[in-house]
Amino acid sequence: MTSMPKSNGCIGDRPELTIYLAAPRGFCAGVDRAIQIVELALERYGAPVYVRHAIVHNRTVVEDLKAKGAIFVEEIDEIPETDAPIIFSAHGVPKAVPEAASRRRLFVLDATCPLVAKVHVEAARHFANGRELLLVGHAGHPEVVGTMGQLPKGAVHLIESIEDARTFAPCDPNRLAVLTQTTLSVDDTREIIAVLKERFPKLITPRKGDICYATTNRQDAVKRIAPCCDRMIVVGSPTSSNSLRLVEVAQRAGCPQAVLIERAAEIEWNAFKDIRSIGLTAGASAPQVLVEEIIDAFRARFATRIETVTTAEEDVAFKLPRELREAPAL
Ligand code: SF4
């Protein structure tokens, strides 16, 4: 990649600024699929459709779907008796949720990302094989709640930090397996698993890791551009785990200041005085239109040069649920 520009000048009355645009950034295949599920459900079955939890962690996406007729709830007992589809968010749900929906004979469309569903399958497999299960992740995140909720209460132990990894006391150190949330910091998770592995050499770890391709690729791209950037902007919502990790990764990789913002209107321009370069990326649930809005805001104030830095090509796509592939449009 190119190093920072050396000239010190202005073009017209605007200072020069290089924007290093990370690629890949923004929507992943799981988010894309989840949004398509809501949009297609609206198209095929008409409004309203109910969505349990924010379909993906992005306010713009949620507001846009609300305007089209989606109703967002946190729990399915908030949903009245209805024939309308009930959509589970990309983060996945505890087993009790589809069970409750089935008791009420609700029509469910499951937008759980297939990569999260894969972790659920692994959790069930380890449990069936009599293993005690550790889950590396953040307490309260809906994906963690969903994964822990695949098994009976107490069957999964949450490991949030190296300290947890150092102090965890298993029933049997020879019958242990570990899984992880899909949107964690690759580096932090590697360290946590290394501590566990050192303490419990027979620990079964995920063969290829559970952190998904999108999280990994977005972190790699940020690591590449961070050392060249005076500031890093991560477009994403404060509830988005993978976006928050990108802020941390940028700072650790050498960017003096990284900020998470949802919209261009939130940019604190004082923090961008006297800088020559910024890095720009977006979490896996942030639409490209928000990245463009931010580029436009910088273009209005700086003579910008955009350099896209691509560290991986992505061509992942997930199938839609069968009901939507087969249902005729209204
Ligand atoms: Fe799936 Fe990864 Fe996207 Fe989450 S971030 S929805 S696990 S592809």
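The residues lining the largest pocket divide into three nonpolar, three polar and six charged. In this count, Ala, Val, Leu, Ile, Met, Phe, Trp, Tyr, Cys and Pro are nonpolar, Asp, Glu, Lys and Arg are charged, and the others, Gly among them, are polar. The model is predicted, with local features requiring pLDDT of at least 70 and side-chain atom pairs pLDDT 80 or more, while totals for chains, interfaces and linings use all residues. Residues are numbered from 1 along each chain as its sequence is written, and side-chain values use heavy atoms, without hydrogens and water.

The lining of the largest pocket is formed by K118, E122, R125, H126, L179, I204, T205, P206, R207, K208, G209 and D210. With four residues, α4 gives the most to this lining. The volume of the largest pocket is about 250 Å³, taken as the space filled by probe spheres set on grid points joined across faces, edges and corners. On a 1 Å grid over the protein atoms alone, a pocket is an open set of points with protein on both sides within 12 Å along at least five of seven lines, a cavity is a set where a 1.4 Å probe fits but cannot get out, and lining residues have an atom within 4 Å of a point.

The ligand takes up the space of the largest cavity; a molecule sits in a cavity if more than half of its atoms lie within 2 Å of its grid points. Around the ligand are C28, G30, V31, C113, L115, V116, T182, T183, C212, Y213 and A284, where a residue is near if one of its heavy atoms lies within 4 Å. This shell has eight nonpolar residues, three polar and no charged. At least two shell residues come from each of α1 (29-45) and α4 (114-128). Helices (H or I, at least four residues) and strands (E, at least two) are DSSP runs, numbered from the N terminus.

| Peptide bond | Omega |
|---|---|
| A23 to P24, cis | near 5 degrees |
| A47 to P48, cis | near 0 degrees |

P24 is in the loop between β2 (14-23) and α1, and P48 in the loop between α1 and β3 (49-52).

H53, not a glycine, has a positive phi of about 75 degrees. H53 lies in the loop between β3 and α2 (59-68) and is buried, at a relative accessible area of 15%. D274, also not a glycine, has a positive phi of about 55 degrees. D274 sits in the loop between β11 (258-261) and β12 (277-282) and is exposed, at 81% relative accessibility. Buried means under 20% relative accessible area, exposed over 50% and partly exposed in between (1.4 Å probe, protein chains only).
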